[in-house]
Amino acid sequence: MNSGGKRFEILKVLGDYVILLPIALLIVVWTIFAPNFLTYNNFMNVLRQVSMVAILAAGQYFMICTGFIDFALGALVGLCGIIFAKGMVDWGLPPVIAALAALAVGLLCELIDGTLVTKFHLPAFVATLGMMYIGRGMCYVITNSYPVSKLPASIGWIGRGYIANVLPWPVAIMIIVYVVVSFISKRTKFGRFVYATGGNREAAHLSGINVDLITQCSFLLGGFFSTLTAIILVSRLNSGQPSAGTGYEFQAVIACVMGGVSLSGGKGKALGVILGAIFVGLLTNGMTLIAVDSNWQQVVQGVVLILAITFDVYKQRRQAESR
Amino acid sequence: MDNREVILDIQGLTKEFPGVKALSEVSFQVHRGSVHALVGENGAGKSTLIKILTGVYQATAGSFTFKGQPVKVEKPLDAQCLGLSVVHQELKLVETLSVAENIFLGRPQSGRGGLVDWRRMRDEAQKLVDELHIQLNVGREVSRLSIAQKQIVEICKALSFNAELIIMDEPSATLTDNELNCLFDIIDHLKRKGITVIYISHRMEEIFRIADTVTVLRDGMHIATLPVEQVNRQQLISLMVGRELGNEYPKLPAEITDVALEVRNLNRAGVLHDVNLNVRHGEILGIAGLVGAGRTETARAIFAADRMTSGQIFINGREVRFSSVRDAIHHGIALIPEDRKQQGLVLGMSVKHNTSMVNLDNVCEHRLLNEKRERELARSMIDMLDISTPTEEKEVRLLSGGNQQKVVLAKWLAVDSEIMIFDEPTRGIDVGAKAEIYKLMCQMAQRGKAVIMISSDMPELIGICDRIYAMREGTVSGELTRENFSQEAIMELAVS
């Protein structure tokens, strides 16, 4: 009886973090096929790459938990990055002010989307897809399609620096972000309201939860995390690229779904998302190491996303049937 | 004994799910042309049995014969083709298509060149509807029909398969009395045509009114199959619950004092006009009426879930204006909605998280959620309401209907509101759970709370309320005090 209970516990933990299995599998496969894979340098490299998608995934996480997907996040990473870079280089703003300007733009775009969804009852799919095109278009309009370079050296540490020569700053920021996100979703009323709103909007409304406000906040968090990702990315690339962040929103969705966040809303753990992002990072890193063509990498990402969602849907259905 | 032909012979059907035996060696016979009632508490195994008969589930052991032939039903279409159809409680129609299209869904009547012969399809559909002596235009879009009319469409659909056995899964749960009479006429009609009906219901009156035979299931086991003449209501109920049930409506005396809530001239454009009502502390107030009379809408408007066009609300004599549902809750109003799955619960959340949802401040410490307090709250509610769940961590979607309803109650009891509005609190739940809910409402009244119960079940309104308002066409059409209670009097006020 006791051992049965224990086994159940183990299964439950495994169930919550099923993602650990594919991660382990990837590590084994890449270690065999990619000779440079299992090195300290490469591992840090993976983590640094992962950190940006992971931070953006925190925004996607709130959106998915509230019951939506935000397609604009990647484009906002691009746009906020351009504002940040352009602000410093062409408009002569100090880095902090430029960062705040970028944040203002990110929040404004999401405020518009949030308003369209809550007040004008637009499907989030349409509002965010539209914003994705607007954001990306503005990137090219503002820069005339040229990257913004000659950034001040003072911002280099964010994307390229290390803490005590060991831990890359982006990784440290990612860890802080997830500690905070995990805390918000587990211990605050806001976190619970997000789950309730995504799980059943009508029931949440009738329980006295201001579902429109919660939705709006999730959008704004998307704007915040887009900006944060953008600043790190600009610093890392040492330039403002109008195409930066392309496809990030998609990778963020994969990270969430692989990490156990249900696309039907109202479910998921923050820690899972970080693992999901690591999975995505390992996947792309390994493919790059064994020189898989980048076009094929896209194909693989699409396949992985579909498989992950199929698994999620299957799991939900099985649970419902076995009651 | 019944010497008619056995149309359905169920032999030792067993169904096991991981960890649960949903059905255990159930055997009984259904005779052709009879109305065979199937009763049992929620979780007794009725749905599982139906799902096996119609091919949704496969039995773990046992078999059944239909029209004397052993049959193997592997998918729902097999059953339909054999002549065995189900009219589900949650109707399965395509809302945006017409009645005729729904009846012949998936197998349109084709004419020359494989094109759909619309004319023939409409004619065939109309013929099926006319046979039931029902007025219904088969060209109408289903979304514009009432629930009762939609049921008729389902029945016609079954008939279009030449169904010889139709299973009706709680058809009456959402019908008003008038519509119910219409349904009974149809059942009579089917019976005369030699069609067998298996009728699932929680309402005793209906069983005694239309059934010939009744089968009782309990905890997945077959308890009895009897001609209806041989049992009475009390016996049937005790067979279902396996124990003697006391008074079905355990009304407790409570001291009725001051007016707790008063609504004056409540209007909501196109839905409600000049609704006036009041309820006192310690009182259980019933609101009767047909579906669409504006009962739920009134509750939602009071609760600020929908905006009112004009009107005044007074609580303990003082006028209040709610800007949001949250505001209404803060003023001590609770609304237990009619549709627990759509409106009452977050199905994917645990019992614990659903219970604490309305008033998270209850389980907060230093403005942060406190795991321990939340667990304690959930456990105390599970004990108090006798919710059957292995732990408070179980997702509510995995609980049975009655237990889900109890979780909705738990959620609102945790807030301790002064004015509680119950919208159809006993719809679709079993007798045992019903009695517990009545008791709970009475206890609340005893503690001085004002209780409003919206219900379509007249015996329960009469059994439990101190006063009843009837609503009709968006307004209160009359008021009855306990000494004037009767089903006739309520109906008089509810219909024009």
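In this predicted model, a salt bridge joins the side chains of Lys189(A) and Asp361(B), with 2.5 Å from N to O. Between chain B and chain A the count is 3 salt bridges, and across their interface 11 residue pairs are in polar contact, both residues of each pair being at pLDDT 80 or more. On the side of chain B that touches chain A, the elements giving two or more residues are α10 (325–330), α11 (340–344), β18 (368–369) and α14 (401–413) of chain B; of these, α11(B) gives the most, with 4 residues. The residues on that side of chain B comprise 21 nonpolar, 7 polar and 8 charged.

The extent of the interface can be expressed in residues and in area. Contact involves 36 residues of chain B and 25 residues of chain A, while the two chains bury about 2500 Å² between them, with 55% of that area on carbon and sulfur atoms.

| Class of residue on the side of chain B that touches chain A | Count |
|---|---|
| Nonpolar | 21 residues |
| Polar | 7 residues |

A separate topic is helix α1 of chain B, residues 46–53, which is largely enclosed by the rest of the structure because 6 of its 8 residues are buried. The buried residues of α1(B) are Lys46(B), Thr48(B), Leu49(B), Ile50(B), Ile52(B) and Leu53(B). Just after this helix, Gly55(B) adopts a positive phi of about 85°.

Notes
Residues are numbered from 1 along each chain as its sequence is written. Chains are lettered from A and ligands numbered from 1 in the order in which they are written. This is a predicted model: local features need pLDDT of at least 70, side-chain atom pairs count only at pLDDT 80 or more; totals for chains, interfaces and linings use all residues. Side-chain values use heavy atoms; hydrogens and water are left out. Contact means heavy atoms within 4.5 Å. Buried area is the accessible area (1.4 Å probe) that two parts lose on being put together, summed over both. A salt bridge is a side-chain nitrogen of Lys or Arg within 4 Å of a carboxyl oxygen of Asp or Glu. A polar contact is a pair of N or O atoms within 3.5 Å; within protein, one must be able to donate a hydrogen and the other to accept it, and residues adjacent in sequence count only if both atoms are side-chain atoms. Ala, Val, Leu, Ile, Met, Phe, Trp, Tyr, Cys and Pro count as nonpolar, Asp, Glu, Lys and Arg as charged, and the others, Gly among them, as polar. Buried means under 20% relative accessible area, exposed over 50%, partly exposed in between (1.4 Å probe, protein chains only).
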